[in-house]
Number of protein chains: 2
Amino acid sequence: MKQIESSKNEQIKQWKKLHKKRGREKANQFLIEGFHLVEEAVRAGIQMIAVIVTDEEVIPSSWNMDDRNIILTNDSVLKELSETDSPQGIIAVCTIPVEQKLSAEHGRYLLIDRVQDPGNIGTLIRTADAVGVDRVIVEKGSVDLYNSKVLRSSQGSIFHVPVIKGELSNWVDELKTAGVPVFGTSLQNASVYTAIQPSESFALILGNEGEGVQTDLLDKTDQNLYIPIHGKAESLNVAIAAGILLYHLRT
Amino acid sequence: MKQIESSKNEQIKQWKKLHKKRGREKANQFLIEGFHLVEEAVRAGIQMIAVIVTDEEVIPSSWNMDDRNIILTNDSVLKELSETDSPQGIIAVCTIPVEQKLSAEHGRYLLIDRVQDPGNIGTLIRTADAVGVDRVIVEKGSVDLYNSKVLRSSQGSIFHVPVIKGELSNWVDELKTAGVPVFGTSLQNASVYTAIQPSESFALILGNEGEGVQTDLLDKTDQNLYIPIHGKAESLNVAIAAGILLYHLRT
C-alpha cells in the first residue's frame, strides 16, 4: 500500500488528466468514483491500476485487491481527483477495456444515434440493461462513454451490457440481413408503438435530443414508431422514450 | 425599454439572488432562461417582471410584451444572470404563481415522494404532461420547483400541468375516498405492473432515488406495482419507471 499526502504529487497530476476525453484516450484509462461503481467494475473484471481511498477499511477482502494497487490518501487529495461536489472516499483508475468485436445476430439491440447529453447516454445504458437488451451500439461521434457523467448515470450498467461504437448505418443493414426487425423512432410517418407485437429479437434506434434519428437511418428501418403525446409537452426525454418502447417491445 | 450595461447594476444584483431558493422565496420570483421556456411561460400567462435580452428582435410581437418590461443588455451582464454555461440571449424574471387549491376527484395523478434530483423532478413533470396526467402532487420538502434545473428539464411542462405541494399521506386518503385507485411502487410485496388494466382514473406514487416510496404510504395504497428487471441493473431511474408505468396505466 502506498500513501499520497499532497495533491501536487506527480501521479495525482497525471490522473487528473483523465477528467478530459483527450487525457483518457492518451492514457487508455478512466476514473470511477464511489463504492457502488467501483464494486461493479471489480465484479465485471475491469482492470484497475489503482484504487485511491481515504480509509483502507472500505475495501472488502472479497475484492481480492492487490495491496500494491491500493493508495491511501487524505480528503483534500481525493477532492482534487474527484469530479463530484461530495466525493465518496473512493476513486479507481481503470484501464479502458478492449471493445468486443460483434457481428449482427438474433437478439435485442439498442442503437443510439448522436445523443449528446452524458446523463441521457448513461440512463439509456442503464435502462437497456434493466430490460435485458443484449447489445448497445453507439454511433461514432457520440459523447465519450468514459465521461464521468455517463458512468455515474449508467449506475454500473456500462459494465454489464456490451456497449460498442459503430456506424449505425452499417449495423442497420447487417441486422436486417440477419433477420432482426429494426425500428426507428419518429413523430412523422410512424406507427403507434402499441401496434407492434413483443418479440425476442429487435433493434430500436433512439436519436439526438433535438433532431431525433437521422433521416437516412429512418429510411432504412423496417418500421418507425412513435409514442402518443396526450398533453401539451412537445416530446419525451430520449431515455424516457427508450424505457417505454423497450419495455413494450420486450414484454 | 430600459438598458443595463453593467453587471454591477443594483437590479441585476437583486435578480442574481433568485439563483438561490431563499432569494426566490423572499422575492416570490424566479428566473427562466432560453427562448423556448420563456415562450411557454408567456403562453401559460405567467406574470413577467422583466424580460432581459441581448437583442430585442428575439421577442415576437405575438407575445404582446409591455415595452417597459423589456431590458436590453450585453452578453456579459446576461452571462452574470445566467445559470447555464452557454446562455441563449434571453432571461425572464417571473412572479411565482399562486398555487391552485385542489381537492381529490376523478382523474390521473402523479404523486412524487421526496425525489431529490432536480433533473429527475423536471423530467417526471415533463413525462406526466406528455401522458396526460391531470395533476402532479409533490411531497412537501422535495426540491424547490423553481430551481433552474427543474425548470429546464421540465421543458415548460411545469407551466402546463397543475403541480402542487402537499402531504402525500392526506392525498392518498382523499383519493381513495374519492374512488381513485392508488398505486405505489415497490420491489417487495408488489404486483407486476402489466397485471393492471388501464383506466381513466388513477394515482401513481414514485419515490426517492435511494429509498423509494415511504413504507407508511405503501401500506395505504390499493396496490403496489413493480417493473421486472431482466438484466443486471439494480433498478431503473425514477423518471424512467414513471414513464413505463404511466404509459401502461393510461393506454
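Select E80(A) and K16(A), whose side chains meet in a salt bridge at 3.1 Å, N to O (a side-chain nitrogen of Lys or Arg within 4 Å of a carboxyl oxygen of Asp or Glu). E80(A) belongs to helix α4 (residues 75-81) and K16(A) to helix α1 (residues 10-16) of chain A, so the pair ties together parts 64 residues apart in sequence; helices are DSSP runs of H or I with at least four residues, numbered from the N terminus. Over all chains, the structure holds 16 salt bridges.

This is a predicted model, in which local features need pLDDT of at least 70 and side-chain atom pairs count only at pLDDT 80 or more, while totals for chains, interfaces and linings use all residues. Residues are numbered from 1 along each chain as its sequence is written, chains are lettered from A in the order in which they are written, and side-chain values use heavy atoms, without hydrogens and water.

Next, display both chains: chain B can be laid on chain A with an RMSD of 0.0 Å by a turn of 180° and a shift of 0.0 Å along the axis, superposed by least squares on C-alpha atoms of residues with pLDDT of at least 70 in both. The two copies are thus related as by a two-fold rotation axis.

Conventions: Helix = DSSP H or I, 4+ residues; strand = E, 2+ residues; numbered from the N terminus.
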